Amino acid sequence: RVLNVVKGFGVLTKLVEFIVRFSTRQWHNSREIRNLIEKIDSETSNNKFILQTDRATELTGDQLIYVDIGSRGGPQKITEGFLKIIHFVICEADKDEVKNLESTFVGCQFSVISNAISDSDTTRTLYLTASRGASSLLKPTGNAIGLFGGNERNLDRFKIEQEIQIKTLPLSVSMPPEIKTIDILKIDVQGLEFEILSGMGGFRP
């Protein structure tokens with residue numbers, strides 16, 4: 001009954017709206033909120049203890065498969081303490097960035113997928129933006145881009161500098177043949193997440 005009353009007066013909607021507005025005013029954009037959560041998680045985690053467990057010892061010889069779709073910038077900071085138990089599958093459609101990544105992942109076990117990942121075998125346009133991390137198979141547009149502005153991260157980084165035609169394939173047929181499972185899946189593709197999930201075939205992270 002109480003919940004129905006709350007819904008009736010729109011209190012829940014107003015509460016969510018207040019939280020979103022306060023968060024974006026306090027931390028300016030979604031990336032700053034994500035970085036805050038990552039910082040708290042890093043400070044409260046104990047990697048050394050985890051790596052001393054029996055399961056972690058087993059994973060040294062049978063590594064976790066970490067598929068990183070949109071790998072620009074290299075391994076995420078949260079993985080730094082676990083590199084010896086992770087095999088990365090890095091997916092990056094920008095050929096110039098693939099060369100950079102191969103040097104960034106030195107010291108890690110990794111495989112490379114150099115085609116773009118979607119839900120079908122086709123050719124698509126890759127929009128390379130001023131800030132290459134904002135590049136996407138979807139043309140940057142829409143009101144939601146404003147959520148990524150603020151502070152020093154202005155919207156000029158979404159300006160399209162180049163358009164190139166690239167091959168796209170589902171993840172199910174892009175994976176290295178020797179890899180049969182996916183343990184962890186990270187997707188950072190500026191809006192193409194649903195297409196990628198639709199093309200996973202039998203893989204279930």
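In this predicted model, the count of aromatic pairs comes to one. The pair consists of Tyr-66 and Phe-88 and is tilted, with 5.2 Å from centre to centre and 55° between the planes. Because Tyr-66 belongs to strand S1 (residues 64-69) and Phe-88 to strand S2, the contact ties together parts that are 22 residues apart in sequence. Both Tyr-66 and Phe-88 are buried.

Strand S2 also takes part in strand pairing. Strands of a sheet pair through backbone hydrogen bonds, in either a parallel or an antiparallel sense. S2 (residues 86-91) runs parallel to strand S3 (residues 109-113), and five bridges join the two. Within this pairing, Cys-91 has Ile-113 of S3 as its bridge partner. Together with helix H6 (residues 95-104), S2 and S3 make a β-α-β unit, which is right-handed.

A further group of strands forms an open sheet of three strands in the order S4-S6-S5, with mixed pairing. Strands S4 (116-118) and S5 (122-129) stand at the edges and have a single partner strand each, so one side of each is left without a neighbour in the sheet. On average, neighbouring strands of this sheet are turned by 50° against each other, direction ignored. S4 pairs with strand S6 (residues 160-170) in the parallel sense, and Ala-116 has Thr-168 of S6 as its bridge partner.

| Strand pair | Sense | Bridges |
|---|---|---|
| S2 (residues 86-91) and S3 (residues 109-113) | parallel | five bridges |
| S4 and S6 (residues 160-170) | parallel | three bridges |

Definitions and conventions. Residues numbered from 1 in each chain as written. Predicted model: local features only at pLDDT ≥ 70, side-chain atom pairs only at ≥ 80, totals over all residues. Heavy atoms only, no water. Pairing = 2+ DSSP bridges. Helix = DSSP H or I, 4+ residues; strand = E, 2+ residues; numbered from the N terminus. Right-handed = clockwise from strand over helix to strand, strands pointing away. Axes fitted to C-alpha atoms, helices over the stretch in contact; angles between N-to-C directions. Phe/Tyr/Trp six-rings, centres within 6.5 Å; stacked < 30°, edge-to-face > 60°. Buried < 20%, exposed > 50% of the residue type's maximum accessible area, 1.4 Å probe, protein only.
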